[in-house]
Amino acid sequence: MKRIAILGSTGSIGTQALEVIKANPDSFELEVLTAHSNADLLIQQALEFNPNTVVIANEALYDKVQDALQHTDVKVYAGAGALCSVVEMGTVDMVLTAMVGYAGLQPTIRAIKAGKHIALANKETLVVAGQLITDLAEEHAVNIYPVDSEHSAIFQCLAGEFHNPIEKIILTASGGPFRGRTASELATVTKAQALKHPNWDMGAKITIDSASLMNKGLEVIEAKWLFGLRNEQIEVVVHPQSIIHSLVQFEDGSIKAQLGLPDMKLPIQYALGYPNRLKSDFPRFNFLDYPQLTFEQPDLETFRNLALAYKAMEQGGNMACILNAANEVAVSAFLRDEVGFLQMSDIIESCMAKVTYIANPSFDDYVTTDRETREKATELINN
Ligand code: NAD
Ligand code: MG
């Protein structure tokens with residue numbers, strides 16, 4: 001029985017994780033649920049799953065949640081500080097980080113320091129502070145299990161192979177809704193078009209990142225830290241059907257891949273249940289439904305965010321933290337119709353050139369870099 005805390009239980013990953021937990025009552029027990037501001041869903045989840053504790057990050061909603069749960073024995077807390085404390089609870093074995101963005105960094109650090117294993121969906125944490133997080137995980141003997149489908153695929157390919165060096169990994173990318181478009185076509189795409197992903201139904205931020213290929217850029221950096229790879233060992237190939245979730249090539253030239261229909265419940269369940277494969281009723285893949293699996297080179301000139309992510313990874317230090325913060329600000333401005341699709345890359349590039357570079361950042365440096373970058377990006381948008 002694994003006792004689970006979910007950070008971000010009301011989101012796309014969080015709700016699918018709850019379906020997995022519900023389907024496997026002998027394997028998992030739910031200890032903690034948290035949300036930012038969807039109080040109604042958080043309350044409904046608490047009533048259904050009866051966790052030990054819930055946290056609503058938006059403190060203005062504390063009374064609403066507390067009132068709704070007053071006749072239960074669920075403890076209710078509010079605020080970002082509470083998110084950091086609940087992950088340390090003695091009754092939690094594993095923390096699923098399913099909240100979005102930089103806000104996931106601090107609770108993840110606290111969970112690792114408390115010796116909790118991490119099922120990591122919040123890729124931004126590893127992008128911002130990969131060295132710090134992986135060093136901490138090693139120091140505290142904590143495992144970080146990938147939830148991201150590509151990284152789960154690689155992890156699954158590595159089962160039984162951990163003693164064998166990796167030659168390279170190949171991350172697959174769907175190419176998003178704008179695959180094949182030219183830069184001039186991208187200049188006028190709308191938020192509604194960008195929010196329509198061909199294969200995956202996800203939260204708004206990652207859906208925009210998928211349309212701009214920033215998601216793949218973040219995943220390249222995520223893979224570097226998860227699997228301890230050198231930059232040149234990570235390749236990206238566009239595979240529009242999203243059936244092959246990623247591949248590993250070993251030093252004898254052999255390639256292993258993991259396949260399946262695009263459904264995040266499988267990688268979520270693998271991360272929560274590792275090392276066991278739990279029986280599921282997820283729809284099965286049939287080759288005859290997909291007579292063609294195709295592959296293309298990513299277009300780094302049109303989709304500049306992927307090139308910027310590679311550049312940030314090569315520059316190291318706090319550069320990926322700058323990339324991430326600028327991207328978070330740019331994406332939310334795009335979602336408010338304040339900037340166009342291509343301007344998101346301009347904002348990120350400009351922040352990477354202007355924000356103070358730090359070669360060996362400490363935790364405090366990341367906090368400062370994140371703040372400085374958000375100010376710079378906001379200034380660029382307002383002008
Ligand atoms: P989402 O927007 O659907 O859900 C985000 C969740 O986090 C919500 O429960 C929200 O209440 C909570 N949250 C947001 N901001 C918060 C804050 N400041 N403090 C506390 N809680 C906060 O997002 P999602 O699509 O589920 O993605 C979650 C993470 O998983 C992201 O890092 C994303 O990159 C990663 N991921 C998602 C998918 C997917 O299929 N959705 C796939 C791979 C990786
Ligand atoms: Mg992914």
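Serine 210 sits in helix H10, where helices (H or I, at least four residues) and strands (E, at least two) are DSSP runs numbered from the N terminus. Setting aside residues up to four places away in sequence, serine 210 touches Gly176, His197 and Asn215; two residues are in contact if their C-beta atoms, placed from the backbone, lie within 7 Å. Serine 210 is buried because 24 other C-beta atoms lie within 10 Å. A residue is buried if 20 or more other C-beta atoms lie within 10 Å of its own, exposed if 12 or fewer, and partly exposed in between, with C-beta atoms placed from the backbone. This is a predicted model, in which local features need pLDDT of at least 70 and side-chain atom pairs count only at pLDDT 80 or more, while totals for chains, interfaces and linings use all residues. Residues are numbered from 1 along each chain as its sequence is written, and chains are lettered from A and ligands numbered from 1 in the order in which they are written.

Serine 174 lies in the loop between strand E8 (166-173) and H8. Serine 174 has 20 other C-beta atoms within 10 Å, so it is buried. Apart from neighbours within four places in sequence, its contacts are Pro198, Asn199, Pro240 and Ser242. The UniProt record (unreviewed entry) gives the feature "binding site" at Lys123, Ser149, Glu150, Ser174, His197, Ser210, Asn215, Lys216 and Glu219. UniProt positions are in the numbering used here, feature names are shortened, and annotations may be inferred rather than shown by experiment.

## Around ligand 1

There are 26 residues around ligand 1, and Gly8, Gly11, His36, Met202 and Gly203 come nearest. A residue is near a molecule or strand if its C-beta atom, placed from the backbone, lies within 6 Å of it. Helix H1 (12-23) and helix H6 (123-139) each supply at least two residues of this shell, and H1 gives the most, with 3 residues. By class, the shell has 13 nonpolar, 10 polar and 3 charged residues. Ala, Val, Leu, Ile, Met, Phe, Trp, Tyr, Cys and Pro count as nonpolar, Asp, Glu, Lys and Arg as charged, and the others, Gly among them, as polar.

The UniProt "binding site" annotation (unreviewed entry) also covers Thr10, Gly11, Ser12, Ile13, Asn38, Asn122, Glu124 and Gly203. Serine 12 belongs to helix H1 and counts as partly exposed because it has 19 C-beta neighbours inside 10 Å. Beyond four places in sequence, serine 12 is in contact with Asp201, Met202 and Gly203. Glycine 203 is in the loop between helix H9 (191-194) and helix H10 (204-212). With 17 other C-beta atoms within 10 Å, glycine 203 is partly exposed. Its contacts, not counting residues up to four places away in sequence, are Gly11, Ser12 and Val100.

## Domains

The domain assignment gives domain 1 (2-146), domain 2 (149-261 + 284-301) and domain 3 (316-383); such bounds come from an automatic or database domain assignment. The shell around ligand 1 draws at least three residues from each of domain 1 and domain 2.

The centres of domain 2 and domain 3, taken over C-alpha atoms, are 24 Å apart. In the contact between them, 13 residues of domain 2 meet 10 residues of domain 3. On the domain 2 side, helix H8 (183-186), H9, H10 and H11 each supply at least two residues. H10 provides the largest share of that side, 5 residues. By class, that side has 9 nonpolar, 1 polar and 3 charged residues.

## Helix H13

Helix H13 (residues 304-315) has 12 residues, which at 1.5 Å a residue should span 16 Å, and its end C-alpha atoms are 16 Å apart, which agrees. The expected span is 1.5 Å times one less than the number of residues. In H13, the buried residues are Arg304, Asn305, Leu306, Leu308, Ala309, Ala312 and Met313. Their cover includes H10, helix H11 (214-227), helix H14 (319-335) and helix H15 (343-354). Just after H13, glycine 316 takes a positive phi of about 65°.

## Backbone details

Tyrosine 274 and proline 275 are joined by a cis peptide bond, with omega about 10°. Proline 275 is in the loop between helix H12 (265-273) and H13.

Asparagine 50 is not a glycine, yet has a positive phi of about 50°. It is exposed, with 12 other C-beta atoms within 10 Å. Leucine 213 also has a positive phi, near 65°, and lies in the loop between H10 and H11. Leucine 213 is buried, with 30 other C-beta atoms within 10 Å.
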